[in-house]
Number of protein chains: 2
Amino acid sequence: MDQAVLEASFRAYFLGLGHDIDWQYLSLSMMLHPVRKGDYLFHQGELANRLYFLHSGLVRYVGVSDAGKEFTQTFVKGPRVIGSTRAMVTGMPVLFGIQALSDTMVISYPWAEFFQQMSQDKGFLASYMAFLEQIFIAKEERESAFVKHSAERRYLDFCADYPELKEQVPLQYIASYIGITPIALSRIRQKLKLSNG
Amino acid sequence: MDQAVLEASFRAYFLGLGHDIDWQYLSLSMMLHPVRKGDYLFHQGELANRLYFLHSGLVRYVGVSDAGKEFTQTFVKGPRVIGSTRAMVTGMPVLFGIQALSDTMVISYPWAEFFQQMSQDKGFLASYMAFLEQIFIAKEERESAFVKHSAERRYLDFCADYPELKEQVPLQYIASYIGITPIALSRIRQKLKLSNG
DNA sequence: CCAAGAAATTAACCTAGGTTAAGAAATCCA
DNA sequence: TGGATTTCTTAACCTAGGTTAATTTCTTGG
């Protein structure tokens, strides 16, 4: 895949965040990560202090519980910045892994250097800020939904909010996203089928 | 309370986020909200499109579920910026209320105007960005803990992480913070008491 | 300092969702 | 295309934590 295309995709994404950015400040070469369906960009516990950009494809963030059970934190479709803000900013090991659900293309830059160079540009700061606001708002909404709604309601909301994911993503991942087992999700689907005729 | 003191506290907090800020850009008068123990700064469902700063005291963020049950999203001790990023940025109604757990003093500015003026300053952008990173990281950690650990473990972690809150905050709020009922928390505490002699 | 309300505990019972297990359906290669 | 693997469903049983309700302990305002 052509690096120029990837770079253009990356810049277009940032432009979409609402501010003009002067990329002259940036003098770093990107790293390419073609991640195949099923494989991981990184695993829980590893270091991931880079800025990752998912150019194309679909991934999920996966945490593993003390008891060894998987939990899907979120699904992300490219083009979008992905990764762990915490790991990137603090240099601590990630709390979740990122698994490709389709063949994907990811690029990355080392965050510390990238930020040092780009923070000279106000447009970049404003864009990155907008990105942080976006992902924080998404978390606020998700936390709220988790607390307020039953598993059944969370499933229905998922289907309404992500009709296309509902088709592409294995049910077990959807179950782990709404916080229940695949068995419990089956029961819910069964019940819904009956009550809807 | 002296406005100059509150303003100084506000600026000191931002300075603590790591960047020098030129406050000359700002020409807005602050609003004062002395919120007494037990009262709310705002309730779930209201508009809260202002930048709130908790100068002193302790508050909790409270969501109410479909079934009418309360859930404590987080505890915050001043001095710190508080409020809903989502409500502030998007102008949508808040997903949770903020209740004072002690007598508090809160000040606020209208966010849109505040941001318009202050976004001219790179130091402010960088500081606000740092704040967003901080709160996002906290959410990442909390989400991870919720999924990975049992209620008992979450209680023990809470006690370890916030020894001072453990003393000041009613048990029912701690219960709702770790996602269980006060009754369930009592059972856990009982069990721990027995097993520790 | 006391009465009234609020907070915490305990007990008895209930239920959503977890667990194990086994079969059916879908998917994936070779 | 067919055997193998993975995914999904169903059933039977179990358990953490919810619910209701009664009792005790703490707070707090007058």
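The following legends describe close-up views of a predicted model.

**View 1. Protein surface near DNA strand D.** A residue is near the strand if one of its heavy atoms lies within 4 Å of it. Of the 17 residues around DNA strand D, those that come nearest are A:Leu171, A:Ser186, A:Gln190, B:Thr181 and B:Arg187. At least two residues each are supplied by H7 (171-178) and H8 (182-195) of chain A and by H8 (182-195) of chain B; helices are DSSP runs (H or I, at least four residues) numbered from the N terminus. H8(A) gives the largest share, five residues. By class, the surface has seven nonpolar, five polar and five charged residues; Ala, Val, Leu, Ile, Met, Phe, Trp, Tyr, Cys and Pro count as nonpolar, Asp, Glu, Lys and Arg as charged, and the others, Gly among them, as polar.

**View 2. Helices H3 and H4 of chain B.** The axes (lines fitted to C-alpha atoms, over the stretch in contact) of H3 (residues 111-118) and H4 (residues 122-148) come within 9 Å and cross at roughly 130°.

**Notes.** Residues are numbered from 1 along each chain as its sequence is written, and chains are lettered from A and ligands numbered from 1 in the order in which they are written. Local features need pLDDT of at least 70, side-chain atom pairs count only at pLDDT 80 or more, totals for chains, interfaces and linings use all residues, and side-chain values use heavy atoms, with hydrogens and water left out.

Methods. Axes fitted to C-alpha atoms, helices over the stretch in contact; angles between N-to-C directions.
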